[in-house]
Amino acid sequence: MHEFKYKNNHLYCEGLKVEDLVRRFDTPLYIYSYHTLIGHYMKLKTAFSRIAPLVCYSVKANSNLAILKALVDKGAGLDIVSRGELARAVKVGCPPEKIVYASVGKTSQEIEEAVKSGILFFNVESLPELENINRIAGQAHKIARVALRINPDVEPRTHKFITTGKITNKFGIDFETASGILLFRQRFAHLKICGLHIHIGSQITDSAPFVAAITKVARFARQLEKDGVSLEYLNIGGGLGIVYNQETPQTAKKFAARALPLLKKTGLKIIMEPGRFIAGNAGILVTKVLYVKSTPKKKFVIVDAGMNDLIRPALYGAYHQILSIRCTLNAIRSPEKVDIVGPICESADFLAKDRRMPKVKAGEYLAVMGAGAYGSSMSSNYNSRPRAEEVMVVKDKVFAVRKRENHSDLMRNELIPSFLLGL
Ligand SMILES: *Cc1c(COP(=O)(O)O)cnc(C)c1O
């Protein structure tokens, strides 16, 4: 569900016409719907209200400060993966006791900063990392709280680049190693191992992989309890899938119906780390058609947004629905098969391949749907393209939440050495 709908043949975001936003802010333009964002967060909170989980929004899905602040103000915690994300969490006033920190490659500097800022816990991904956190906490005269990220070895049936819970993935610790760590936890004088964490992948549309993974860690937690190791938290990660095309992902309610009984039985405090589920359908990317080019074999719709703005199609072969922002055009023009491509010098620079679309013409605007997660946060300056403007709509008001970059922003940190300047 989202608040991007046609009214009188025009695409709206909440109470505002997308065409008016585009005229005011130019393209490429990311548009976020505040109420869609908050609505998704609330859906999950409500579905799981019986166990009152801490929902830590996964910052990497969309790290815009306005998005973070909107969620934090509603009581969300944050799931971070770097110092940069910690800085954002601090900036929006997220209470440290609502921050969890995962990443296979946390640097010593990152660990030290997070220990000092008093985050809820680290999701630890290996024994050497655990030893490093123990050492750094000791030096800081602190006790660091950690959860062990377990690799439960389940098949999440999603794209291989976003599978993270199989034993061949780089993430997490296998059960046997984790068991060894927990039984000999007194070795780590400066750590409190307070929980277990799983995150098995992303865009998972079915409950079965979650149920399989939760069942495995819950059984593990029970065994640990028998062995005298008691824990406080179970962090079940993120990964809930959304609708991009024809998927029929489980709703928050259906997910809760399957997962809640298992989670309740553990007696542990539950943490969730949804990213895409909250932000994915809360954003669109609007782009202008520059040219329509026919070649002997294909027709290309060349638009002003490229893989630097939205890399998901190039990176994962991801499907995004692409709609004209005026749907009267759809009805009167016959569909044709086109590639919708960006201006970047790469053949992977496409937003859609062999897509049947009502005929579009140069100068029109297209909305790339479901671009709220892993859109702007994965964007780059490749081809020296300034990053897109971002706005947030709240009913009939619009707020700029990220200014369009300019060329001096892009060159700000570069230096020409004096010898090249003949000095
Ligand atoms: C990326 C990530 C998430 C969020 O994944 P979504 O599929 O966006 O819900 C949650 N937890 C961890 C550890 C992650 O790396």
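Predicted model: local features only at pLDDT ≥ 70, side-chain atom pairs only at ≥ 80, totals over all residues.
Where in the chain is E14 found? E14 sits in the loop between β2 (10–13) and β3 (16–17).

Start with the backbone. E14 has a positive phi of about 50°, although it is not a glycine. Now look at how covered E14 is. Its relative accessibility is 8%, so E14 counts as buried, since the cut-off for buried is under 20%. What surrounds E14? Leaving aside residues up to four places away in sequence, E14 touches E3, K7, S33, Y34, H35, T36, V393, V394 and K395. E14 and V393 are 379 residues apart in sequence, yet their C-alpha atoms are 6.9 Å apart in space. At K395 there is a polar link. A polar atom of the E14 side chain lies 2.5 Å from the backbone nitrogen of K395.

Move along to the loop between α1 (18–25) and β4 (29–33), where T27 is found. P28 has its place in the loop between α1 and β4 as well. The peptide bond from T27 to P28 is cis, with omega near -10°. Is T27 buried or exposed? T27 counts as buried because its relative accessibility is 8%, and buried means under 20%. Its side chain makes a polar contact of 2.5 Å with the side chain of D304. D304 is one of the residues that T27 touches; the others are V22, V286, T287, K288, Y365 and R404, with residues up to four places away in sequence not counted.

Step back to the domains. The protein is divided into domain 1 (4–31 + 280–411) and domain 2 (103–272). The C-alpha centres of domain 1 and domain 2 lie 36 Å apart. How many residues of each domain are in contact with the other? Nine residues of domain 1 are in contact with seven residues of domain 2.

Next, go to helix α5 (residues 108–117). Four of its residues, E110, I111, A114 and V115, are buried. Why do they lie on the same side of α5? They cover an arc of only 130° around the axis, which puts them on the same side of the helix. A general rule of helices fits here. An α-helix has 3.6 residues a turn, so residues three or four places apart point the same way. What covers the buried residues of α5? The cover includes α4 (83–91), β7 (99–101), β8 (121–124), α6 (127–139) and β9. Just after α5 comes G118, which takes a positive phi of about 75°.

G118 leads on to R145. With residues up to four places away in sequence left out, R145 touches G118, I119, L120, F121, F122, K192 and C194. R145 has its place in strand β9 (residues 144–149). R145 counts as partly exposed because its relative accessibility is 32%. The side chain of R145 reaches two backbone oxygens. One belongs to I119, at 2.8 Å. The other belongs to L120, whose backbone oxygen lies 2.7 Å from a polar atom of the R145 side chain. For a sense of scale, R145 and K353 are 47 Å apart in space, C-alpha to C-alpha, and 208 residues apart in sequence.

Beyond β9 lies another loop. D153 has its place in the loop between β9 and α7 (175–183). D153 has a positive phi of about 55°, although it is not a glycine. D153 is partly exposed, with a relative accessible area of 38%.

Finish at the ligand. How many residues surround the ligand? There are 15, and the closest are K60, S202, E273, R276 and Y374. The side chain of K60 has an N or O atom 2.7 Å from an oxygen atom of the ligand. G239 uses its backbone: an N or O atom there lies 2.8 Å from an oxygen atom of the ligand. At G275, a polar backbone atom is 2.9 Å from an oxygen atom of the ligand. Taken alone, the ligand exposes 390 Å², and the protein buries 94% of that.

Note on methods. Residues numbered from 1 in each chain as written. Heavy atoms only, no water. Helix = DSSP H or I, 4+ residues; strand = E, 2+ residues; numbered from the N terminus. Buried < 20%, exposed > 50% of the residue type's maximum accessible area, 1.4 Å probe, protein only. Contact = heavy atoms within 4.5 Å. Polar contact = N/O pair within 3.5 Å; in protein donor to acceptor, adjacent residues only side chain to side chain. Arc of directions from axis to C-beta. Near = heavy atom within 4 Å. Areas by Shrake-Rupley, 256 points an atom, 1.4 Å probe, with all protein chains shown as cover. Domains from an automatic or database assignment.
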